[in-house]
Amino acid sequence: MSENTNSIKLPKAVETPSRFRNTIGKYVIKRSNACISCGKCAELCPYGVHIRYSNYAKPLRPIEHKCIGFKCRENDFFCIDKCPVQALTLRKNALLETMGDYRWTAEMLLGHFAMAETGDLPKVDLEYSLGDSGGGFDKMRFIKPDSALSLKLDDDKIDTSIELNKTNDGRPVKTISIPCYGGGMSYGSTALSVMVGRARAAKALDTLTCTGEGGYPPELLPYKENVITQVATGLFGVREETLQHCPIMEFKYAQGAKPGLGGHLLGEKVTEAVAAMRETVVGRPLFSPFPFHSVYSVEDHKKHVDWMKEINNQVLCSVKVSTPTDVDMVAVGAYYAGAHIIHIDGSYGGTGAAPDIAKKNIAMPIEYAIPKVHQFLVDEGARDKITLIASGGIRNAMDVAKAIALGADGVVIGTAEIVALECVRCGNCESGRGCARGIASTDPELGYMISEEYVEQRIINMYIAWRKQWCDILRSFGMQSIKELVGRSDLLIHMDYLDKEERAKYQATPIKQHII
Amino acid sequence: MPKKYHIDTQETPPRFYPVGKYTTIEFREDCAGSCRECVKKKCVYGIFEDNFLHNSSMKEPEFLYTCMSCFRCVQECTKGIFSRVINPEYRTLGNNYWTSDIIHRTWYQAHTGSIPVSGAGYRGPFVGKGFDSMWTDMSEIVRPTRDGIHGREYINTCIELSRRPAGLAFTDDMELAVDVPPILEVPLPILFRQPDFGILSRKVLLSMVKAAAIINTFMLINPKEIKEDLKPFLKNLIPQMTKDNYADYSDLIIGCRMVSLAYQPGIEQEFAKLREINPDIFIMVNIPLDKDCKSIVENLVNTGVDTLYCYTDENGLELNTDNPRFVKDMTREIHLALVDLSARQRVNLIIYGGIAMAEHVNKEIICGADGIAIDLPLLVAMECRLCGRCLEGLSCPVKLEEMDVDYGCARIINLIGAWRNQMLEMLGAMGLREIRRLRGEVGRSMWFEDLEKENFGPIFGERKVAAI
């Protein structure tokens, strides 16, 4: 199952196809009734678009998402030209116009579906690293590397692990093999199989996932070494034993999607099981207050951290905060209170339901917060004694690398993980029975559309594909470890800060108007 | 406990199918016709239920207003015949400022009275023009409300429209030595204004006025429109008069609490005459927001005016210039001019122009307004599509002229209720307990230019692309 590398064990990618019978591709291939079922297309296509079984009268419907489109024209296996009866037609898929948005474009979604299916980078010409938001990560590029620096190292010789305990305080040294761990999505907001599948993936990848604030389902216990227990303001399901299970305990002061507002689980999602876990009443909406009612100052916050450390003398302490103007001061406060990890959550991210007004307007995007906090911690002489984790609007492998170059040690991923599970970001996680695609739902019917094995492998595949991109970047800059990239903002450029001639050397910023 | 101000909302479905965002496309030649697995029957949201003919006789639904975009029908149809596109009519909704998205959200709020909520993060551009180039702050730990959304009923959204003395003075025997003018309060910083266009039938106007009365705000209105049917609501009307015609409306000056006068040089000489007719009248002066506005405001501030009402065009752009500035920047200029004169506390500033969403209200107040006035959102709440057909004398697609007054009133109340709740969310996050504390409080906001300079400047150097 696993192969050895320098210091980490990586699971293997296993093809994990879509749960839905019709996949969505960038291109549409239609086969007309003129088809004589000669099997030529199936014979020619190396991408597996055409499948013909000898005992079937006709080939299967083309598997469109695997088609590489018009660029195939130069190949001698281009099915459209080779079909003896011209039964095949190829065009761009108009459906893409109705998919995605400025931040997660349709191509970025499809790119991640492909990565999660294969564990490899997409073969189709999809732009999965840049969105259309017109700012932040979408305007940043890595500089052109000096080719003399480039290393000839295999991926398995490149270290993508990060340390989560830099304090030397006698508590365990915790290393995760990729610079990402899973964000908190609570029991109640997501299906149990999603939660367990994420934990299984975290275990396989030697990283972590987080319970969210809805309690610790017993199904997670086999993976407890890889599960962070979140202690949020509502204290739902927080018990002494769940605090003793975990390697890391996360205090959630605020979250980027709804800074200053607290969580909200709609009544429909509070099923019997969810209510039992949260020790509340079935069908009643659950509001997490904001903020912690026991914290009025940094001193109170230190009391929290001390309490956490007292309950579990092996646990590492993470403090999750949002990104207000004074996020740098908050981060330093967390450091002085004894936290091992400061986790800043930017305003454009989040997975769960949040008021649109909050997501758009309250608190600053993570792109600003990372360098702000990083620099302040450097100036305070504290940067090498605390782990800085960023989240909120980090969508893809390149965003992760950019966040690290801006100053983060690692990132927390939520949305991309559920996109790997074929979330189309319709945004209706909160409505009625919950997610129609079975990801964020506790509905008896919808919640069982998804299996733990599928969740586990799709997420593993996505991270394996991401790791390939990180390794490419590190190699090109002559780095053997992703730790060398931390704070290397000199390797980044921002398109708006370049002269026109300089700008032309880099990939242009995508400009597209979306109907949202 | 005293009763808290609250706007009661109730679900008020639209009379016409709103313009849907999506429309389906089916490649029917491959459809089995009566498939037992038909995805339309299995739609999680049941959006085809009201369109049963869609199944039985394959009649196209006119709209997919309620489509939630889950793609399950597209991905699960056994023959793969389903696809979707953006409804071409949806693209034509509104204009560059009043986008289809804003109109859709306004309809949703007017329908449900709820605030728009969605999952999976923000989906818009990183930054935009106008109000979209600023963010509001939040308080991580220390905050006055302390109770998050549970305590938001304690957040006060009340503003004043009455002037205030520069300071209090007392005689030797501790009696007040200055006149303290009467106080006029509005429980929320949103005034209504009669729109400049649209089907302004009596029913439409009455709906707006009635809604203003129920939520206890004011509506600025042309005095010619105040006929018998609006007379019961005089206390919530602000007739917009001029120096030349106010004498014809002495009954309104007596019946209303506040009147407004269009600015003309020497307008301050009329204030005493108005107060002769009604000593308790509050006076507002309407000033176009252009390059002269600042000096006019500076001259008027000590003349006994209560409120200065400065207006741009409907999109928030400066008037009378070829190179207009946006309302938020102009508001800031006026506000700071008043601060420099040490006169900001004496008068109130109401701004009209470009307010299309709840967040704009708070942002405009951060820029220095006391409150704002709106008109188009009221029309949109009543299903107006801003198509402009009425301007050409054509029929209204949603027959606004036939609308029931109670219906229109309920839709407006829903919208304002949802707006107020969103304003409270922002105030709560900022840790403010009074919207009056937000006025001019730029420290509670973050501006694109500043964030770029502070955080990206040290990394990337000088910004070469100035415009957003």
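At what relative accessibility does Lys139(A) stand, and does the residue count as buried or exposed?

Tutor: Lys139(A) counts as buried, at 14% relative accessibility. The cut-offs are these: buried is under 20% relative accessible area, exposed is over 50%, and partly exposed is in between, with a 1.4 Å probe and protein chains only.

Some ground rules come next. This is a predicted model, where local features need pLDDT of at least 70 and side-chain atom pairs count only at pLDDT 80 or more, while totals for chains, interfaces and linings use all residues. Residues are numbered from 1 along each chain as its sequence is written, chains are lettered from A and ligands numbered from 1 in the order in which they are written, and side-chain values use heavy atoms, leaving out hydrogens and water.

Now the contact. Lys139(A) pairs with Asp496(A) in a salt bridge, 3.0 Å from N to O. Asp496(A) sits in the loop between β19 (492-494) and α14 (500-503) of chain A, and Lys139(A) in the loop between α3 (106-118) and β5 (140-142), so the pair ties together parts that are 357 residues apart in sequence. The term salt bridge means a side-chain nitrogen of Lys or Arg within 4 Å of a carboxyl oxygen of Asp or Glu. Helices (H or I, at least four residues) and strands (E, at least two) are DSSP runs, numbered from the N terminus. Asp496(A) is also buried, at 7% relative accessibility. Over all chains, the salt bridges number 60.

Step back to chain A. The chain carries 14 helices and 19 strands. Its radius of gyration is 23 Å, close to the 24 Å that the globule rule gives for 516 residues, so chain A is as compact as a globular protein of that length. The radius is taken over C-alpha atoms, and the rule is 2.2 Å times the number of residues to the power 0.38. The C-alpha trace spans about 80 × 60 × 45 Å along its principal axes. Of the 516 residues, 64% count as buried. The domain assignment, which is automatic or from a database, gives domain 1 (27-92) and domain 2 (147-494). Their C-alpha centres lie 43 Å apart.

One helix in chain A deserves a stop. α13 runs over residues 452-476, with 25 residues and 37 Å from first C-alpha to last, close to the 36 Å expected at 1.5 Å a residue. That expected span is 1.5 Å times one less than the number of residues. In α13(A), 21 of the 25 residues are buried, so the helix is largely enclosed by the rest of the structure. Gly478(A) follows α13(A), with a positive phi near 70°.

Asp101(B) meets Arg105(B), with the closest N and O atoms 3.1 Å apart. The two are four residues apart in helix α4 (residues 100-112) of chain B, about one helical turn. An α-helix has 3.6 residues a turn, so residues three or four places apart point the same way. Asp101(B) is buried at 16%, whereas Arg105(B) is partly exposed at 22%. α4(B) is largely enclosed, because 11 of its 13 residues are buried. Among those are Ile102(B), His104(B) and Trp107(B).

Another pair in chain B is Glu160(B) with Arg436(B), 2.8 Å between the closest N and O atoms. Glu160(B) is in strand β5 (residues 159-160) and Arg436(B) in the loop between α12 (405-430) and β15 (445-447), so this bridge ties together parts 276 residues apart in sequence. Glu160(B) is buried at 15%. Arg436(B) is partly exposed at 30%.

Two backbone details close the tour. Asn320(B) has a positive phi near 55°, in a residue other than glycine. Asn320(B) lies in the loop between β12 (307-311) and α9 (327-340), and is exposed at 62%. Ser342(B) likewise has a positive phi near 55°. Ser342(B) lies in the loop between α9 and β13 (348-352), and is exposed at 63%.
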